[in-house]
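Me: I have a structure open and would like to go through it step by step. Could you help me read it?

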Amino acid sequence: MPNTIVGPSLPQIPWEDRPAGCSEVVWRYSGNPIIGWNPIPCAARIFNSAVIPYDGAFAGVFRADYRNGLPKNLHVGKSADALSWEIEHEGIRWVDAGGRARPTSYAYDPRVVLLEGDYYVTWCDDFPGPSIGLGRTKDFKRFERMETALMPFNRNGVLFPRKIGGYYVMLSRPSDSGHTPFGDIVLSHSPDLVFWGRHRLVMRRGGMSWWQGVKIGAGPVPIETTCGWLMIYHGVSGPCNGFVYSMGAALLDLDDPSRVRFRTRDYLLTPERDYETVGFVPNVAFPCATLQDADTGRIAIYYGAADTYTAVAFTQVDELLDHLRHNSEVF
């Protein structure tokens with residue numbers, strides 16, 4: 001069966017051919033980083049953010065770490081080419097279903113997915129304590145904050161782009177109140193995006209690889225392909241001088257995404273460039289979003305670099321899935 005993306009044509013996504021002499025299945029954009037230090041007056045850094053096609057161009061929901069060090073709120077951005085971004089200086093003004101203000105005390109690492117006509121945002125929220133916040137918008141102007149999806153302590157909440165078996169499905173990484181304990185990816189089901197249950201273990205940290213031995217977490221919204229759900233994720237190792245965040249991928253079963261068919265043995269991208277190894281938090285490549293074109297199989301991967309910058313990398317779906325089949329742990 002061909003390795004094709006299930007979804008719309010999107011020929012205007014950013015793209016750059018693999019550089020001459022490069023044999024990697026994932027390669028970096030030569031114009032990285034696309035967002036640097038102090039991008040808007042209130043924020044020192046914008047990274048670990050989500051982008052999506054919208055209204056013939058592109059929209060995004062961005063993590064903004066303010067100059068007081070707090071990621072107090074998420075910010076909307078717009079772009080014609082998904083590389084040059086105009087990010088609103090004011091944060092999102094969340095309201096409840098009745099229109100009453102419902103602000104966040106902090107919000108970071110958002111993902112955005114188009115699901116049944118609305119754009120849903122998931123992020124790391126404060127319940128208090130890290131939990132999975134959930135909200136939606138139709139126009140990237142009015143944002144409704146919904147019920148907190150998953151209780152503390154949890155991070156990396158990622159919704160699938162359609163129901164599976166009649167349920168909404170979300171990936172996450174439960175933890176304790178610390179920064180690293182636990183570290184495995186689980187999957188939860190909901191009939192209504194309010195009540196969540198039927199929790200299933202998807203992948204455990206470690207496997208056969210040290211680069212993902214401390215923890216793993218779901219990255220961008222899973223991409224539906226003809227042979228399974230393509231999940232790009234981050235893995236963390238713990239060498240003597242601190243943590244290193246790298247990028248991997250797995251193929252999940254279409255009908256039961258708690259079943260892993262293939263999983264990266266070696267990382268696909270690890271911090272090597274200056275903008276990935278030097279910054280507010282060194283040695284981080286943290287994927288949070290993709291844009292993909294079903295016609296060409298091209299995928300643009302957006303990732304946070306060194307908790308400071310926003311960067312882009314590229315891959316082809318057929319090459320990446322072939323790589324997974326031949327260079328992965330098999331389940």
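Predicted model: local features only at pLDDT ≥ 70, side-chain atom pairs only at ≥ 80, totals over all residues.

Me: What share of the residues is buried?
Reply: Of the 331 residues, 59% count as buried, where buried means under 20% relative accessible area, exposed over 50%, and partly exposed in between (1.4 Å probe, protein chains only).

Me: And D318, which class does that one fall in?
Reply: D318 is partly exposed, because its relative accessible area is 35%. This residue lies in helix α2, residues 317-326. Helices (H or I, at least four residues) and strands (E, at least two) are DSSP runs, numbered from the N terminus.

Me: How far is D318 from N3?
Reply: In sequence, D318 and N3 are 315 residues apart; in space, the separation is 5.0 Å, C-alpha to C-alpha.

Me: New topic: how many helices and strands are there?
Reply: The protein chain has 2 helices and 23 strands.

Me: What about pockets, what is the volume of the largest one?
Reply: The largest pocket has a volume of about 550 Å³. On a 1 Å grid over the protein atoms alone, a pocket is an open set of points where a 1.4 Å probe fits, with protein on both sides within 12 Å along at least five of seven lines; lining residues have an atom within 4 Å of a point. Grid points are joined across faces, edges and corners, and a volume is the space filled by probe spheres set on the points.

Me: Which residues lie nearest its centre, and which strand gives the most to the lining?
Reply: The largest pocket is lined by 26 residues, and P8, I52, P53, P161 and Q292 lie nearest its centre. Strand β20 gives the most to this lining, with 5 residues.

Me: And the second largest pocket, how much space is in there?
Reply: About 410 Å³ of space lies in the second largest pocket. Of the 20 residues that line the second largest pocket, R63, D109, H179, Y245 and D307 are the closest to its centre.

Notes
Residues numbered from 1 in each chain as written. Heavy atoms only, no water.
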